[in-house]
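Here's a quick briefing to read alongside the structure. Have a look first, then we'll walk through the strands, loops and core.

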Amino acid sequence: MLRPLISIIAIAALSWSLLPGQVITALRKKTAGPSYITNEDCEGTGTPTGWSDSNTVNWDETGVVLAGSQSLSIDGQNPIGSTVYAFSALGEVWVRLKYRCPLASWVTVISIRSSTTDLAKLRILSDGTVRIYCGANYSAAATKLVDSESTNIWLHYVKGTGANAFASVGFSTGDTEPTSGDNYASYSSGSITDDADNLYLGNPGTAGGYKMYFDSITINNSAIGSF
Ligand SMILES: [Ca+2]
């Protein structure tokens with residue numbers, strides 16, 4: 001009885017200074033959260049709506065879990081697994097996700113693409129070096145990834161007009177997004193002029209014999225920020 005009574009008092013208090021229509025608007029605004037192009041927590045059964053898998057991809061992974069009770073795993077063995085999320089063409093895209101993988105011979109794990117063309121691509125080398133590619137050019141972060149350590153990753157792509165395309169990566173074992181310093185790298189004079197229309201997760205390299213793991217995958221057309 002107490003809870004409904006409190007609700008009635010709260011609505012009555014709110015109504016005191018608002019017209020009936022404004023009360024409804026105020027209540028709706030209170031419950032509204034941020035909206036994203038996609039915000040996948042990998043907790044449902046099977047492949048979520050909007051994603052297209054190739055080869056061995058498991059959205060119900062429970063052996064290694066990065067958040068909640070399930071994660072996404074992609075098999076790095078031949079045939080190489082991958083998954084793609086397509087979205088309406090955008091000149092600027094932000095991606096935030098959780099990632100874990102053993103270090104191996106070079107792999108590309110995340111790519112913001114136009115069709116099958118890489119625009120902003122994250123490549124991790126066998127020594128843990130993190131490179132952000134903007135088309136064919138790249139920049140590397142000073143800090144290296146540690147083998148099989150769960151890492152939060154942020155990507156940002158902005159198409160250019162000939163010599164000013166931008167791509168950046170920030171990564172951290174903590175929840176705060178790095179936007180400068182040793183856990184950040186960017187390239188800002190790329191020649192790409194293409195809109196992005198999909199996000200690729202997987203490994204187009206030849207290395208195999210391991211799985212890569214992802215979780216909490218967010219894509220947006222404005223800044224996402226820290227976890
Ligand atoms: Ca999860």
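In what sense do strand β6 and β11 pair, and over how many bridges? The pairing of β6 (residues 92–100) with β11 is antiparallel and takes in eight bridges. Keep in mind that this is a predicted model, with an average pLDDT of 87 for the protein.

**Confidence**
- A pLDDT of at least 70 is reached by 82% of the residues.
- Residues 4–30 are the stretch to treat with care: pLDDT stays under 50 there, and the model has six contacts beyond four places in sequence for them.

- Strand β11 spans residues 151–158, and eight of its eight residues are buried.
- In a regular strand, side chains alternate between the two faces of the sheet.
- Here, Thr151, Ile153, Leu155 and Tyr157 point one way from β11, while Asn152, Trp154, His156 and Val158 point the other way. Both sets are buried.
- β11 and β12 make a hairpin with six residues between them. In the turn, glycine 162 has a positive phi of about 145°.

- Most residues other than glycine have a negative phi.
- You'll find serine 148 in the loop between β10 (137–140) and β11.
- Serine 148 is partly exposed, because 13 other C-beta atoms lie within 10 Å.
- Serine 216 also has a positive phi, near 50°, but this serine lies in a strand, β15 (residues 211–220).
- Serine 216 has 19 C-beta neighbours inside 10 Å, so it counts as partly exposed.

**Two loop residues worth a click**
- Threonine 129 lies in the loop between β8 (117–124) and β9 (130–134).
- Why is threonine 129 partly exposed? Because 17 other C-beta atoms sit within 10 Å of threonine 129.
- Leaving out residues up to four places away in sequence, threonine 129 touches Ala140 and Lys144.
- Threonine 129 and alanine 141 are twelve residues apart in sequence, with 7.1 Å from C-alpha to C-alpha.
- Proline 178 is found in the loop between β12 and β13 (184–190).
- Buried or exposed for proline 178? Proline 178 is buried, because 20 other C-beta atoms lie within 10 Å.
- Again setting aside residues up to four places away, proline 178 touches Gly170, Ser172, Asn183 and Tyr184.
- Proline 178 and tryptophan 154 are 24 residues apart in sequence and 8.3 Å apart in space, C-alpha to C-alpha.

**The core**
- How many residues does the largest nonpolar core have? It has 48.
- Those with the most contacts inside that core are Val95, Val109, Ile112, Ala120, Leu155, Tyr157 and Val169.
- Beyond its neighbours within four places in sequence, valine 169 is in contact with Leu122, Val130, Ile132, Ala141, Ile153, Trp154, Leu155 and Ala185.

Definitions and conventions: Residues numbered from 1 in each chain as written. Predicted model: local features only at pLDDT ≥ 70, side-chain atom pairs only at ≥ 80, totals over all residues. Buried ≥ 20, exposed ≤ 12 C-beta atoms within 10 Å, placed from the backbone. Helix = DSSP H or I, 4+ residues; strand = E, 2+ residues; numbered from the N terminus. Pairing = 2+ DSSP bridges. pLDDT = per-residue confidence, 0-100. Contact = placed C-beta atoms within 7 Å. Core = buried A, V, L, I, M, F, W, Y, C linked by C-beta atoms within 7 Å.
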